[in-house]
Amino acid sequence: MNGIHWHVLGVGAIGCLFASTLHRAGLPTTLLLRSPGMEPSLPVRVDRDGCSSVTELPVSAAPEAGQITHLLVTTKAQDVCAAVQSVAHRLDSSSQVLLLANGLGFAGELQDALPVPEYFHGTTTEGAYRLGERHICHAGRGFTRIGRPGHATPPAWFGPWSEAVQPGAWDPDIEQALWLKLAINCAINPLTALHRCRNGELLQPPMAATLEELCGEIMAVSAAAGYAAITNDLPRQVAAVIHATADNRSSMLQDVLAGRGSEIEYITGHLLRVAEHYGVAATRNAALYRSIVNRAK
Ligand code: PAF
């Protein structure tokens, strides 16, 4: 379709969800694997509303040749740079790379290391978690925003994308949306990972008081960085997300429980770097950051 062929890097919950959504909407979609396997295609199973559907997706190994026109990156934040660099030989100046990962800070690192393709940014509130290898539960429908700083209008591929990925929108202020998501993740994720609790428990004492302190600092950093308008109601926004996801284990808690590396460097770590840049105190967030980083050692 119009030369649009999506390659998807990252076969976690969000990668599987978007790959199967794009493929089912008729857009050529290929899963990118780290190393060559035996099969030309692999099944992705999505459970939703009590039904299970399987989509057979073509696979390609990263080291293979063959240009990538459209790359969707859904890896963990800390893996984005290495994953995209593993397919650098398949990207050129016409390649469109859409980064859809939690956290902030990796995009700048990637653009410095690999300035050639055109980069786009996305954030989604789709709720999905892994049940097994390429087997996910699509637990809650969400909204997906895509944008490119400084670009008010979307590129040609966004038309077919937005017919497939609904609901969603092109967001001319994507940086604001990414920062708000970061702010919410800073409040929820490390605290649930530290206390090994579900999101809903953060609204109970004694965690509720810590949550309030964290939000106060996050708002101060946000204001210094120019994001006051979208975060001036942060405690209420965070509480709304917690209510909507009360039974969920946050992605950071899931990573910690599974013994995987967490995204702390690109969530609270990024907030702390911005706080330092503007000379804003964020001692409660810094203590939480140290607790998560030290636990992982
Ligand atoms: O990372 C997560 O887990 C999610 O972004 C959120 C919104 C905190 C819900 O668990």
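Pro167 is placed in the loop between α4 and β11 (168-170), where helices (H or I, at least four residues) and strands (E, at least two) are DSSP runs numbered from the N terminus. The model is a predicted one, in which local features need pLDDT of at least 70 and side-chain atom pairs count only at pLDDT 80 or more, whereas totals for chains, interfaces and linings use all residues. Residues are numbered from 1 along each chain as its sequence is written, and side-chain values use heavy atoms, with hydrogens and water left out.

The peptide bond that leads from Gln166 to Pro167 is cis, with omega near -5°. A cis peptide bond also joins Pro205 and Pro206, with omega about 0°; Pro206 lies in the loop between α5 and α6. Most residues other than glycine have a negative phi, and most peptide bonds are trans. Asp49, which is not a glycine, has a positive phi of about 50° and is found in the loop between β3 and β4 (51-61). Arg134, likewise not a glycine, has a positive phi of about 50°, and its place is the loop between β8 (127-132) and β9 (135-140). In terms of accessibility (buried, under 20% relative accessible area; exposed, over 50%; partly exposed, in between; 1.4 Å probe, protein chains only), Asp49 counts as exposed at 67%, while Arg134 counts as buried at 14%.

Both Gln166 and Pro167 take part in the lining of the second largest pocket. A pocket is here an open set of points, on a 1 Å grid over the protein atoms alone, with protein on both sides within 12 Å along at least five of seven lines; the probe is of 1.4 Å, and lining residues have an atom within 4 Å of a point. The volume of the second largest pocket is about 180 Å³, a volume being the space filled by probe spheres set on the grid points, which are joined across faces, edges and corners. By class, the lining residues divide into five nonpolar, three polar and four charged, with Ala, Val, Leu, Ile, Met, Phe, Trp, Tyr, Cys and Pro counted as nonpolar, Asp, Glu, Lys and Arg as charged, and the others, Gly among them, as polar.

The chain is divided into domain 1 (6-172) and domain 2 (176-296), with bounds that come from an automatic or database domain assignment. The domain centres, taken over C-alpha atoms, are separated by 25 Å. Across the two domains, 16 residues of domain 1 are in contact (heavy atoms within 4.5 Å) with 15 residues of domain 2.

Beyond its neighbours within four places in sequence, Trp179 is in contact with Leu104, Val221, Ser222, Tyr227, Ile230, Thr231, His270, Leu271 and Val274.

His270, Leu271 and Val274 are among the buried residues of helix α10 (residues 268-278), as are Thr268, Gly269, Leu272 and Ala275. The cover over the buried residues of α10 includes α5 (174-195), α6 (207-224) and α11 (283-296). Gly279, with a positive phi near 70°, follows α10.

Ala193 is found in helix α5 and is buried, with a relative accessible area of 2%. Leaving aside neighbours within four places in sequence, Ala193 is in contact with Met252, Leu253, Val256 and Ile292. By contrast, Arg34, in the loop between β2 (29-33) and β3 (41-48), is exposed, with a relative accessible area of 77%. Residues up to four places away in sequence not being counted, Arg34 touches Ala62 and Pro63.
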